[in-house]
Amino acid sequence: MNKIIKLYKKIEATLASAKFAFFIILLFAITLSYGTFMESFHGTDYANRLVYKSWFFMGLEGLMFLSIFFAVVVRLPMKKRLYGFYTIHAGLMMMFMGSLFTYLNGIDGSIQIIPNTPAKKVMINEDQLKITFSHLKKSYKLALPY
């Protein structure tokens with residue numbers, strides 16, 4: 001049992017450290033910059049597939065969430081002089097939870113807004129494999145993973 005507690009304390013100290021946070025934030029900023037350039041040159045769908053919805057990016061967000069969470073945990077019980085710290089870090093954790101929720105349940109789409117014209121259509125980019133058997137007059141659709 002002592003080995004598990006020691007391991008937890010070591011993981012907690014690593015994830016809560018400023019060095020780890022700096023490294024993750026730097027890696028996150030570089031990845032966001034790369035994603036922004038890919039979106040500018042190749043479009044949103046390409047950037048989503050390559051960067052923003054990749055396992056690597058979601059892993060970075062998960063590590064940032066854990067870093068923020070453990071930074072708060074090591075500073076418990078709450079102290080009045082750290083209320084600003086707790087508020088900012090609670091907000092950051094909510095942003096990352098929202099990001100995860102959007103990743104799991106969100107729908108990406110676009111809407112064309114023309115001046116003085118009501119917008120009624122949202123274009124949703126979904127990948128589907130459509131197979132049509134003309135001699136049977138049947139068609140099958142299969143949603144492809146992102």
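Lysine 9 is partly exposed, with a relative accessible area of 48% (buried means under 20%, exposed over 50% and partly exposed in between, using a 1.4 Å probe and protein chains only). The structure here is a predicted model, in which local features need pLDDT of at least 70, side-chain atom pairs count only at pLDDT 80 or more, and totals for chains, interfaces and linings use all residues. Residues are numbered from 1 along each chain as its sequence is written, and side-chain values use heavy atoms, with hydrogens and water left out.

Lysine 9 also has a charged partner: its side chain meets that of glutamate 12 in a salt bridge, at 4.0 Å from N to O. A salt bridge here is a side-chain nitrogen of Lys or Arg within 4 Å of a carboxyl oxygen of Asp or Glu. Both residues sit in helix H1 (residues 2-16), three residues apart, so about one helical turn separates them. Helices (H or I, at least four residues) and strands (E, at least two) are DSSP runs, numbered from the N terminus. Glutamate 12, at 10% relative accessibility, counts as buried. By the salt-bridge rule the count comes to two. The other pairing is in helix H3 (residues 44-52), where aspartate 45 and arginine 49 are four residues apart and, again, separated by about one helical turn. Their closest N and O atoms are 3.2 Å apart. Aspartate 45 is partly exposed, with 27% relative accessible area, and arginine 49, at 35%, counts as partly exposed too.

Turning to the aromatics, a pair of rings is described by the distance of the centres and the angle of the planes. Rings of Phe, Tyr and Trp (its six-membered ring) pair if their centres lie within 6.5 Å; planes under 30 degrees apart count as stacked, over 60 as edge-to-face and the rest as tilted. By this rule the count comes to nine aromatic pairs. In one of them, the rings of phenylalanine 28 and phenylalanine 96 have centres 6.4 Å apart and planes at 70°, so the pair is edge-to-face. Phenylalanine 28 belongs to helix H2 (residues 18-42) and phenylalanine 96 to helix H5 (residues 83-105), so this contact ties together parts that are 68 residues apart in sequence. Phenylalanine 28 and phenylalanine 96 are both buried. Phenylalanine 133 and tyrosine 140 make another edge-to-face pair, with 6.0 Å from centre to centre and 75° between the planes. Elsewhere, Tyr8, Phe65, Phe69 and Phe70 come together in one aromatic cluster.

Phenylalanine 133 is found in strand E3, which leads on to the strands. Strand E3 (residues 128-133) pairs with strand E4 (residues 138-143) in the antiparallel sense, over six bridges; two strands pair if DSSP finds at least two bridges between them. Within this pairing, threonine 132 stands opposite serine 139 in E4. E3 and E4 form a hairpin with four residues between them.

E3 and E4 each supply at least two residues of the patch, and the largest share, three residues, comes from E3.

Lysine 137, in the loop between E3 and E4, has a phi near 55°, a positive value in a residue other than glycine. Lysine 137 is exposed, with 75% relative accessible area. Asparagine 116 is not a glycine either, yet has a positive phi of about 60°. Asparagine 116 is found in the loop between strand E1 (109-110) and strand E2 (123-124), and is exposed, with a relative accessible area of 84%. Finally, leucine 76 and proline 77 are joined by a cis peptide bond, with omega about 0°. Proline 77 is found in the loop between helix H4 (55-73) and H5.
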